[in-house]
Amino acid sequence: QVQLVESGGGLVQPGGSLRLSCAASGSIFSINVMGWYRQAPGKQRELVAAVTSGGSTNYAHSVKGRFTISRDNAKNTVYLQMNSLKPEDTAVYYCNAQIAPSLTLTYNYWGQGTQVTVSS
C-alpha cells in the first residue's frame, strides 16, 4: 500500500509565500515523475509543476518564475515553493506520483489535497 501525505497549505496574503510538501510511503520500488496539480472551484484540475527522478522539471505557464518544484529522492518527498502568490493561485493542491511497487508495475497515486488560499 502506498500513501502520499501532503502538508503546508494555508491562508496567505497576495505576494506571500508558501511551501508544500508531499511524502510518499509504503511499498515503493521506485518513483518516476512527482508533481503538483491544483483545482479551483468550478474549474478542471490542472498541472502546476512536475519533476522527474532525474531532476527535469515542467511548469504551467501561469506559475513559471514564481513556483519552484524540487524533490528529495532519499526521502521520497516532493516540494513546491510558491512565491509571489496571487489570488488566482487559490485552489486545492494535489500531489501526484508515478510509483512502481515492483520492477514491472507502475501506478499513479494522488494525495488527499491541501487548500491554498491567497487573500487579503
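Strand E8 (residues 77-82) is largely enclosed by the rest of the predicted structure, because 5 of its 6 residues are buried (under 20% relative accessible area with a 1.4 Å probe and protein chains only; exposed means over 50%, and partly exposed lies in between). Strands (E, at least two residues) are DSSP runs numbered from the N terminus. The model is a predicted one, in which local features need pLDDT of at least 70 and side-chain atom pairs count only at pLDDT 80 or more, while totals for chains, interfaces and linings use all residues. Residues are numbered from 1 along each chain as its sequence is written, and side-chain values use heavy atoms, with hydrogens and water left out.

E8 belongs to an open sheet of 4 strands in the order E1-E3-E8-E7, with antiparallel pairing. Strand E1 (2-7) and E7 are at the edges with a single partner strand each, so one side of each has no neighbour in the sheet. From one strand to the next the twist averages 15° (axes are lines fitted to C-alpha atoms, and angles run from 0 to 180 degrees between N-to-C directions). Two strands count as paired if DSSP finds at least two bridges between them. E1 and strand E3 (residues 18-26) are joined by 6 bridges, and Glu6 stands opposite Cys22 in E3. E3 is in turn joined to E8 by 6 bridges; here Arg19 has Gln81 of E8 as its bridge partner.

E7 (residues 67-72) pairs with E8 over 6 bridges in the antiparallel sense. Thr68 has Gln81 as its bridge partner in E8, and Arg71 stands opposite Val78. The hairpin of E7 and E8 has 4 residues between the strands, and Asn76 takes a positive phi near 50°.
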